[in-house]
Amino acid sequence: MDFTLTKEQAMFKKMIHDFTENEIRPIAADTDLTGDYPAETMDKLFDLGIMGMTVPKEYGGAGADGFMSAIAIEEISKVCASTGDIVAGHNGLCVAPILKHGTEEQKQKYLPRLCGKGRKSVGGFCLTEPNAGSDASKCTTVAKLEGDHYVLNGAKIFITSGSEAEVFVVMAMTDPSKGTKGISAFIVENTFPGFSVGKHEEKMGLHGSHTTEIVFTDCIVPKENMLGKEGKGFSLALGSLDGGRIGIAAQSLGIAEGAWNECKEYINSRVQFGKPIAKFQNTQFVMADLYTEIEAARLLLYNACAKQARGERFTVEAAMAKLTCSELAMKATTKCLQFFGGYGYTRDFPMERMMRDAKITEIYEGTSEIQRVVISSNVL
Amino acid sequence: MKIIVCQKQVPDTSGKVAVNPDGTLNRASMMTITNPDDMNAVEAALKIKDATGCKVIVISMGPPPAEGMLREALAMGADEAILVSGREFGGSDTYATSQILAAAITEIGLDPDDLVICGRQAIDGDTAQVGPQIAEKINVPQISYAADIKLDADGTVTVQRMLEDGFMMIQTHTPCLLTCIKELNKPRYMSVEGIMASYSKPYQVFDYERLKDSPLIDPTTIGLKGSPTNILKSFTPPLKGAGMMLEGNGRETCDKLVGILAEKHII
Amino acid sequence: MAANYNSADIAAFKNVWVFCEQRQGKLMQTSMELISEGRRLADELHVDLCGILLGDNVADMAKDLGAYGADKIYVCESPLLKDYTTDGYTKVIVDMIEEYKPEVMLFGASNIGRDLAPRCAARLHTGLCADCTHLDVDVEGYVQFLRGASTLDVDSMEWDYANRDLKMTRPAFGGHLMATIICPRFRPAMATVRPGVMKKGKYDAAKAAAVEVIKPEFSLTEADFQTKVLSVEKAARKIVDLIGADIIVSVGRGIASDVEGGIKLGQELADLLGGVLGGSRVTIDSGWLSSDHQVGQTGKTVRPKLYIALGISGSIQHKAGMSESGCIVAVNKNEAAPIFEIADYGIVGDLFKVTPMLIESIKAMRAEKEAR
């Protein structure tokens, strides 16, 4: 198994690294402080072809592989997990399901704009509800067929890019009597009558990525906007989450690496007791352990990417990668912040932001507990 | 119409540079990058391509690893890349290099409506000589230190040429050679699409065999042995020691400090 | 190139020549610096020092060049040479070099010199070394120079004390390496020298009067030009930003007792040096300076050639933003201030007293240089 990057992947990694350093790093702290959506950055990411990058050329994408999308999210998240989150949500949970399950008409209509061709549309994914978190099957948003359209009623919460996205993949109950087999998926545009953005969540971290409630009040969705087959919405959602989890694993890995990098620089310049604190064995051992764990996590992530690329089932691999990388993000930011001492607790250094950003990765797109459920139910 | 852009792959001298115990530079410690001014040259060419649809060819004289840099220019949007490479070329000074590049340009063929664009100078040699010397060898007018370039449909080239405290507006006509500075533009990033296409765009290598019969090449003045200038000695300045606390804080102390800074050409 | 001209015929070349740059009728300082330096080299070689001056109605400047030690000044005047053009100047200089065959040709490494010299060298089939900071002919002098300027063990090396090639030393690799270049097989050995590097000698009125002014025949017509100068303009003061600045003067908590006065001093020093004013975090938090002046972890990270810290203690946040500066000068009342740990030069004193003196010192040094 050779995870050496191909020439194109290496060139891509270099480009996204340079872009992140020059365009994202200077505004990362401010993005967190103001909570402003990084609109200019997103514009540039659209122009570069990062948004929807795995979409084939005929639909407006660059035809890149999933690895490259993971690399992009990882590199960006080293510096700004908020921006990384927006890209991950867009590529993994909106573009991917439409690409995989869309009809030719749906792909022609939505993929180009999700790739920034013509209108630049960010994408969103609506599954979670107030009473349907880990227990996602308890979907109460309903979709009633009335002639040539469906009428959606209900509310979704914790929707990434809820206030900026224009195209959403929404799970709604078309047949309540069938339980999970009664859930269908729809492509909903924010301009459809009855669509509205509700509460904006005030979060611990990831401030630049806006999380909102989405409310459907007699929302009119054309019949042809059903995504995939009726009653297959829940399995479509779970399948999409597999790919989405690769994105979050990449984001978490990026956060862990970003924290480690900042820490390395700090410990080599901070002098206490007559020498840089990098010279103390405790520091060295902790950094060595984290470095090892980051490498191990990376290989789990790449393995999941490889399986996905080969068209094989990668549910367990994605869950393992997401579980490992997210718990590592929390661990690495906590331990690295410790080395900064009091300074790490202040806003002068990025550590406290990274730690606040890291926490959610253990929760969204399937909590760590759910990942364990997925893994154990498959391997035991 | 086509534009030929000259690029050089250089060590990144702006970062931390390690010095060996014997005082020589540890070249392996430096990352290689595309010379920054050359990025502006590629961007200048691509801007003209965006406006006119012309072809952009990037060339570089260098060892095989320079292919990576040329591929990046292709990913930015250039159409073709040529690596000029051969043992015989190694160790060339600017005079020798400019002959070889001039021969390569002539081999590609320079049409009356073509442009050659170079970066002002490379961050390793820091000479700014190759551009003007290529222009002399291929016998075209040159305008250096270009901070703004306008190309008219009839081939008139109008350039804002920077001086230390101002600028000159100079006009010439294609074919000509321009050297550009970083103030000229902000180089674009490679796009994902460009990266995916990079390795399938035309790429070739001009070696010594291909160029040796060019009338522009004088075999006695290329390569390390032939170059008109040679390195007699190279050395690193003494390492920066610990800081110096100056005695006192009166006028003499200030004079002393100013004298030291002036002697070191810092002010 | 003339048919009978052979740049490899070393014995046929004699004398040190300097291209004397003038713009809009005013001699550039670099011309006088190079004449002074050229005099030293000409003496080591036992030959004449000549200047070549191009322009329109510029012959009067010749005596000023003579004052610094030139034996002869070749003046080529024409309306076509009024403004610098690569085409015009290259043609005339190359024609003159082919005619008079100097063994050494020096240019100031100004934006113009760096455009002109390489074109001439290429046409003349000879070597050129750019941005030289030190020139030697005598090997003994060169060895002595190396003793001070390098870590080389010069005494254990072999030296050919009879060698008369021009030894041209210059920085490379962004200044991390110094290289001494020679041009052994061709003439003239050409070099461009950075303005401000060589010392201008003392103005000698007697020498000025004695200089020989020669106006050689040369041919130059409109047909020789492929470029046209449309205009020559002075730039309005560019807005220099901290990141690109070569010199930064920063103020810190030390200006608290007189904020307005402290900022004025800092700005004056910055302006005098052609630099930018910066501030530590406390100056921004206290509202003394706007946030785009901030240097430090949460401000900008800078790497100027020279960083002068006035009344800045040197907290770790601040150090993170400027510790990689080429040269750090610190002025602080407290000798234990952490900034002195990373400063190259430190003065323990009150910035309100020291800064005005620094300003005076710099002005005095410049006046003395000009007056020579």
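How many residues of chain B are in contact with how many residues of chain C? I looked this up before anything else.

**Entry 1: ground rules.** I noted that this is a predicted model, in which local features need pLDDT of at least 70, side-chain atom pairs count only at pLDDT 80 or more, and totals for chains, interfaces and linings use all residues. Residues are numbered from 1 along each chain as its sequence is written, while chains are lettered from A and ligands numbered from 1 in the order in which they are written.

**Entry 2: chains B and C.** I found 66 residues of chain B in contact with 68 residues of chain C; contact is taken as C-beta atoms, placed from the backbone, within 7 Å. On the side of chain B that touches chain C, the elements supplying at least two residues each include α3 (94-108), β7 (142-151) and α8 (251-263) of chain B. Helices here are DSSP runs of H or I with at least four residues, strands are runs of E with at least two, and both are numbered from the N terminus. The largest share of that side, 8 residues, comes from α8(B). By class I wrote down 33 nonpolar, 22 polar and 11 charged residues for it. Nonpolar covers Ala, Val, Leu, Ile, Met, Phe, Trp, Tyr, Cys and Pro; charged covers Asp, Glu, Lys and Arg; the others, Gly among them, are polar.

I also followed a strand pairing between the two chains. β12(B) pairs with strand β10 (residues 177-182) of chain C in the antiparallel sense, over 5 bridges; a pair needs at least two DSSP bridges. B:Asn230 stands opposite C:Ile182 there.

**Entry 3: strand β6 of chain B.** Are the residues of β6(B) buried or exposed? I found that 5 of the 5 residues of this strand (residues 115-119) are buried, so it is largely enclosed by the rest of the structure. Buried means 20 or more other C-beta atoms within 10 Å of the residue's own, exposed means 12 or fewer, and partly exposed lies in between, with C-beta atoms placed from the backbone. In a regular strand the side chains alternate between the two faces of the sheet. I checked the directions: B:Leu115, B:Ile117 and B:Gly119 point one way, and B:Val116 and B:Cys118 the other way.

β6(B) runs parallel to strand β1 (residues 2-7) of chain B, with 4 bridges, and parallel to strand β10 (residues 176-180) of chain B, with 5 bridges. B:Val116 is the bridge partner of B:Ile4 and stands opposite B:Leu177 in β10(B).

**Entry 4: nonpolar cores.** A nonpolar core is a set of buried Ala, Val, Leu, Ile, Met, Phe, Trp, Tyr and Cys residues joined through C-beta atoms within 7 Å. Of the 253 residues in the largest one, A:Phe186, A:Leu301, B:Ile100 and B:Ile117 touch the most other members. Helix α6 (residues 233-269) of chain A gives the most to this core, with 15 residues. Apart from it lies another core, of 44 residues, among them B:Leu261 and C:Cys327. Leaving out residues up to four places away in sequence, I listed the contacts of A:Leu301, including A:Ala70, A:Ile246 and A:Cys325.

**Entry 5: domains.** Chain A is divided into domain 1 (7-114), domain 2 (123-233) and domain 3 (234-379), with bounds from an automatic or database domain assignment. The C-alpha centres of domain 2 and domain 3 of chain A lie 30 Å apart, and 14 residues of domain 2 are in contact with 12 residues of domain 3. Chain C is divided into domain 1 (10-224) and domain 2 (242-371), whose C-alpha centres lie 38 Å apart.

Notes
Contact = placed C-beta atoms within 7 Å.
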